Amino acid sequence: MKKCFRVLRSLLLLVMVVCVCSGLAVVGKGYEAYQEAVDEISLEDKVAAIRGKDSFTEYEELPQIYVQAVMAVEDKRFLRHMGVDPIAICRAVRNDILAGSFVEGGSTITQQLAKNLYFGQDKDLTRKVAEVLVAMDLERNYSKEEIFELYVNAIYFGDGYYDVASASQGYFGKEPEDMNDYECTLLAGIPNAPSVYAPTRNPELAAKRQLKVVERMEVCGYFSTEEAETVAETVSLMAGVVQ
């Protein structure tokens, strides 16, 4: 019995050593990928390119409901974390293990911005490490408002709209600052899967996603129950009109 225990303990230690070594290797490769990316084009130049767009929208021009809707559905601890959310990562890892595939990412708004700036949509551990390092650079050098501002000016909203102003003008015929609660919650849900949730392509799925946004806003305290019900009723009504 003691011999079996010693063998088992040795195997566990071996597995731990292998895991640690593998983890260190991934971190090392991730750092190399990060360094290559920022050496090729600096973070400052990437940010300047976004701010130089004709359609760039400043944070102050965004409706507060839109800002809250995005945080509620994408990153509810955005204002409190430093670029990475350990709670969201642990939840995502658990759900991915249970599903046996990548079903949840756990990325913060800052990480998503880092990915859009440098790394594309590849789901690779090495790229994930590099993404985290860029996210940490963003948090060190820019305020939360600036990061959010850059994020909504660099994400895809479907139908060829690559920033919040283009999407607002294209879908609603108005500037972002003029969006109402219905439009804010609809737009906040699209970037999760633009080809699926673009209202011009799948109005029913867009409405379901929008209702999820409204639900998350209520859970996070941005909407009262009455406010959430009012917007949800409008979503249901508009979905019926589209159908």
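**Note on the predicted helical model**

1. Read from the N terminus, the elements of the protein chain follow the order α-α-α-α-α-α-α-α-α-α-α-α. The count is 12 helices and 0 strands. This is a predicted model, so confidence is taken up next, because where pLDDT is low, the predicted coordinates should not be read in detail.

2. The average pLDDT of the protein chain is 85, and 79% of the residues score at least 70.

3. Of the 243 residues in the protein chain, 42% are buried. The chain exposes about 13,600 Å², of which 57% is supplied by carbon and sulfur atoms.

4. Take the contacts in the protein chain that link residues at least 6 apart in sequence: 65% of them join residues at least 24 apart.

5. One residue deserves a separate look. Where does Asp 159 lie? Asp 159 is in the loop between α7 (144–152) and α8 (164–172). Its phi is positive, about 55°, although Asp 159 is not a glycine. Most residues other than glycine have a negative phi.

6. Is Asp 159 buried, partly exposed or exposed? Asp 159 counts as partly exposed because its relative accessibility is 29%, and partly exposed covers the range between under 20% (buried) and over 50% (exposed).

Notes. Residues are numbered from 1 along each chain as its sequence is written. This is a predicted model: local features need pLDDT of at least 70, side-chain atom pairs count only at pLDDT 80 or more; totals for chains, interfaces and linings use all residues. Side-chain values use heavy atoms; hydrogens and water are left out. Helices (H or I, at least four residues) and strands (E, at least two) are DSSP runs, numbered from the N terminus. Buried means under 20% relative accessible area, exposed over 50%, partly exposed in between (1.4 Å probe, protein chains only). Contact means heavy atoms within 4.5 Å. Accessible areas come from the Shrake-Rupley method with a 1.4 Å probe; for residues, only the protein chains shown count as cover. pLDDT is the predictor's confidence in each residue, from 0 to 100.
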